[in-house]
Amino acid sequence: MKWSIPVLCLCLLAGACICGCTGNADPVQATSAIPEPLPGNLTIINGDTEIVLNWDAITALPAFEGYGYAVSTVGIKYGPYEVKGVALTDLIALAGDFGTENNTWISAPDGYLWVFDYEQVQGEGFITFDDGLKEVPSPPLTVIIMYEQDGLPLSYIDGGPFRMAIATDTPGVITEGSSWVKWVDKIEIK
Ligand SMILES: Nc1nc2c(c(=O)[nH]1)N[C@H]1C(S)=C(S)[C@@H](COP(=O)(O)O)O[C@H]1N2
Ligand SMILES: [Mo]
C-alpha cells in the first residue's frame, strides 16, 4: 500500500514520456495532420486557346474568400463552409474574350457536366434558399473554382482538388448542389 503512490507516479511519468517521445519523433505522424493538395490540372479552352493550370498556378491567382452552403437534389444540406478559390470570371479571362452569347461548360473526369450561361458566370440567376430551405431573394453571389474548404485543401471526397462553388459574402445562403461540380478538370467556353 505504501508503495502504490510512488509506483503510480513512476508509471505515469514513463507513460507520458513514451507518448511524448513517439509523438514528436515520428515525422509521418507529425505531418499527416496537414493534408497535401491533391495533384491535378485544370484546362481552360476558348476557341483555339487552351491553357493548363496546376495547383500552384491557380492558388497564385487573386483569391475569393467567402461562404458556401449547398443542398442536394434529395434535400441533404452540406455546409455551411468557409470557401476559398478563384472567381470563374478571372479564370475565363485568362483564355480570352467571353460575352453574353457564350455558355461555359464545366466538366469532370466522371463525365459530369454542368453548363453555366453568361449571367450565371457573373453570379446571377441562381435560386437561393435560407437555412430552412425557404427560397429567398439572391444576395450577391460569386462563382468560384474552390480549392480550400474550411481552411484546408479540398479533399477528394469533397470534390478536390478543384470544385465549383457558389460563394457568398455572408454565411447561411444555400444554393443547389447540382452546380457544385466536383473534380473539375475542364472549363470550356462555347
Ligand atoms: N463530378 C461530379 N460533380 C457533381 C456530381 C457528380 O455526379 N459528379 N453531382 C452533383 C450533384 S447533383 C450534387 S447534389 C452534388 C452532391 O455533392 P456531394 O457529393 O458533395 O454530396 O454534387 C454535384 N457535383
Ligand atoms: Mo444533386
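This is a predicted model: local features need pLDDT of at least 70, side-chain atom pairs count only at pLDDT 80 or more; totals for chains, interfaces and linings use all residues.
Residues are numbered from 1 along each chain as its sequence is written, chains are lettered from A and ligands numbered from 1 in the order in which they are written, and side-chain values use heavy atoms, with hydrogens and water left out.

**Around ligand 1**

| Residue with the polar side-chain atom | Distance to an oxygen atom of ligand 1 |
|---|---|
| Y78 | 3.1 Å |
| K182 | 2.5 Å |

Of the 530 Å² of accessible area that ligand 1 has on its own, the protein covers 73% (Shrake-Rupley method, 1.4 Å probe). Ligand 1 is surrounded by 13 residues, and D110 and W180 are among the closest (a heavy atom within 4 Å).

**Around Q149**

Let's turn to strand β9, residues 141–149, where Q149 lies (strands are DSSP runs of E, at least two residues, numbered from the N terminus). Q149 counts as buried because its relative accessibility is 10% (buried means under 20%, with a 1.4 Å probe and protein chains only). Its side chain makes a polar contact of 3.4 Å with the side chain of D158 (N or O atoms within 3.5 Å, one able to donate a hydrogen and the other to accept it).

Key
Helices (H or I, at least four residues) and strands (E, at least two) are DSSP runs, numbered from the N terminus. Buried means under 20% relative accessible area, exposed over 50%, partly exposed in between (1.4 Å probe, protein chains only).
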